[in-house]
Amino acid sequence: MRVIDPRQRLESGVLEMRGDGKAGGGLVLAFQSLAALFAARPEWHVQEWPFFSSARRGANIRSFLRVSRRPVEAACEVTRPLLTLLMDEAAARSADFAEGVPHGGTFVINTRRTPEECAQHFHLSGRVLAVPGDDIGTQHLKHAIGNISAYVALTEAVGGLEFDDVVETFLAQLKKRRIPQQLLDRNRDALHATREAIVEGVFDFARPGDHASTRFEGYGDLPLGAQTRLRLSQNNKTATFARSGFRLLFADPLNACTGCSHCIVNCPEGIIRFEPDTARGVRVTGADVSSFCKLCGECIAVCPENLFSEGRYEEVWDDTHAEEVRS
Amino acid sequence: MSGYKETALKESCFRPGSTLCPGCMESVAFQNIGRVTDNGIKTIFSIGTSCAEVSTLAFPNVVAWGRGDVPSDDYGKSFAIIHNVFESAPTLAEATRDVADQLTHLGALQRPVQIISASGDGGAFSIGLRTLLHTIHRRARVTIVVLVNEIFANTGFQYSPATMPYADTSTTPADGTPGNLNPPLDYIHLAMAAGAGMVAQLSPAHGKMFVKAIERSLEVEGTAVIFVPAPCISGWKFEDGQTVEIAQMGARTGVFPAFTWERGKGGTVKDCPLAADQRPSIEEFLGSQRRFAHLVAKDRETGRISARPGREEDLERLRSWVQENVERMYRLAEMKQ
């Protein structure tokens, strides 16, 4: 396997990038900043656009970016990117972020894990950059948001860009969004902190047929009513909207449920499980978190006995589930 | 009339699988409307385009609606949804009622139906004010539910005629300016004046009252209009798990008091005293929402929420608007006709 240098591709043709993340995670900002970074120089032609469905917070979204010395003529989504970003590990549950990436491509992942773990888990062949973006976000912005780190890691992956330009372009994008100065300074710290935190390596774990891009054979092949399979998964399992790495827990060891029904009435998804009870009228026995719980926290807030809580749970690293996603 | 717990045990026709934001009040409202309408009568919903429509009726996976695995000829459990454009939900409901009445008259429809129209506040008060008022004016026997999230959430959080004063929206940005300066439309009075048989302003945070109001709205003569204040987690910008709390706080502070009114009987304002000093201060309502971050700030040490320097006058103006709002509600409650 030979690693394909994105910089070389940039000089000779069109460098295509794609990012997978969840709505509300800052993926669009990261890609817009990257586009602005290239667009500031007259020699580059840039095409950037995000793709999302009617779903808002927590749903899978995708961003695309093309950079070239010649005018970009393609006007379709990027299906064979050389450089791909996984901004939110949980986004990999619904979409294959490495789909269509050639052997020797570059993968940027926002994760706490090492590049090797990621390459092994997602079956990647090529250069893998891992950056603990959520931790950097938590440390500097008190908010587990990985777009700053993902953006810096992308610029590192492309290479040959002035770091000062990288920082200032991002901050200019934030300014456009009316972010207060105090927050801009903290963003600056986070941008600088990322640079040291990036870990990378070259690995070859892809098996034949992994991440094969699907052939486009006309619009007849697309699922009914969907522009791409990204629009929604076929089963609308909205549990993927939940904050990454957490899930709802229910524990009632002392049988404390008073049967007040507040959780049942106020659950937006109607997934609270209960059974009839002679004394209390109803007894809550848990919640069906497997498919539809978006972890909005209403039940946690309304329960007078505090029976609901949220706990860490990294489903994306559960191998049995990963197989299911890849197939 | 069944109680709160009994309603909780009923089977809602609104299922999990909608793509609404986590903690959206609209889905809580739909859950409960779905439970109340599980009363053995076929329900016909007419839904105008809004968040509630695009996020629940995404073709081809309309998994957000359904009522168990009942056969399609189970009349009591069955329901229908007709979707039309933004402003047309009330008129479409009225037309459906007319058709149902005609079919009953001809003997083709043996059992009654209940008809509920649902639209957002943008659809109902901007483009759809005309159709909303006409449907009420013609005394159509339908229930009109307006989900008032004070914002055009579906299209990118623009100002709507129900937006609170000083709120930051994408078309009234609080960027050197104080945010939205238009006082909101007095939609409750409008609905009453147009001839509604019943008007209510209740969010599912007042669970028992909400459920009762929906039940009553299905029985009442004439048009029943229920305005559901729906805190929008993405537009009002608050933290996860605060939806119910903010809806309650908004009602208690007098921003959208819990209000029910029936023609001929008069109305009541619940959970919101007339005297300002008996209500929680509005800072508590404003402080948790980032759409008011330009107006109030929380002191890190004491946790007290107060006006930002230079914004004291704006806050006082907002406070007097809230007081006027509550006083108006009490005046409306006294009206019989």
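This is a predicted model: local features need pLDDT of at least 70, side-chain atom pairs count only at pLDDT 80 or more; totals for chains, interfaces and linings use all residues.
Q: What is the arc within which the buried residues of helix 6 of chain A fall?
A: Helices (DSSP runs of H or I, at least four residues) and strands (runs of E, at least two) are numbered from the N terminus. In helix 6 of chain A, the buried residues are Val166(A), Thr169(A) and Phe170(A). They line one face of the helix, because their directions from the helix axis to the C-beta atoms fall within an arc of 95°.

Q: How many Å does helix 6 of chain A reach from its first C-alpha to its last?
A: The expected span of a helix is 1.5 Å times one less than its number of residues. Helix 6 of chain A covers residues 163–176, which are 14 residues, and an expected 20 Å. Close to that expectation, the helix reaches 20 Å.

Q: Why are the buried residues of helix 4 of chain A on the same side of it?
A: The buried residues of helix 4 (residues 133–141) of chain A are Gly133(A), Asp134(A), Ile136(A), Gly137(A) and His140(A). They are on the same side of the helix because they cover an arc around the axis of only 160°.

Q: Which residue with a positive phi follows helix 4 of chain A?
A: Just after helix 6 of chain A, Arg178(A) takes a positive phi of about 60°. Helix 4 of chain A is likewise followed by a residue whose phi is positive, near 60°, namely Lys142(A).

Q: Is Leu295(A) buried or exposed?
A: Leu295(A) lies in the loop between strand 10 and helix 9 of chain A. Although Leu295(A) is not a glycine, its phi is positive, about 55°. With 23 other C-beta atoms within 10 Å, Leu295(A) is buried.

Q: How many residues of domain 2 of chain A are in contact with domain 1 of chain A?
A: An automatic or database domain assignment divides chain A into domain 1 (6–228) and domain 2 (238–323). Their centres, taken over C-alpha atoms, are separated by 33 Å. Eleven residues of domain 1 are in contact with residues of domain 2 that number ten.

Q: Which helix supplies the largest share of the side of chain A that touches chain B?
A: The contact takes 34 residues from chain A and 37 residues from chain B. On the side of chain A, at least two residues each come from helix 8 (262–266), strand 10 (281–287) and helix 9 (298–302). The largest share, four residues, comes from helix 9 of chain A.

Q: Why is strand 4 of chain B largely enclosed by the rest of the structure?
A: In a regular strand the side chains alternate between the two faces of the sheet. Thr143(B), Val145(B) and Leu147(B) point one way from strand 4 of chain B, and Ile144(B), Val146(B) and Val148(B) point the other way. Strand 4 (residues 143–148) is largely enclosed because its buried residues number six of the six.

Q: Which residue of strand 6 of chain B is the bridge partner of Ile144(B)?
A: Two strands pair if DSSP finds at least two bridges between them. Strand 4 of chain B pairs in the parallel sense with strand 3 (residues 113–120) over five bridges, where Ser119(B) stands opposite Val146(B). Six bridges join strand 4 to strand 6 (residues 224–229), and these strands also run parallel. In strand 6 of chain B, the bridge partner of Ile144(B) is Val225(B).

Technical notes: Residues are numbered from 1 along each chain as its sequence is written. Chains are lettered from A and ligands numbered from 1 in the order in which they are written. A residue is buried if 20 or more other C-beta atoms lie within 10 Å of its own, exposed if 12 or fewer, and partly exposed in between; C-beta atoms are placed from the backbone. Two residues are in contact if their C-beta atoms, placed from the backbone, lie within 7 Å.
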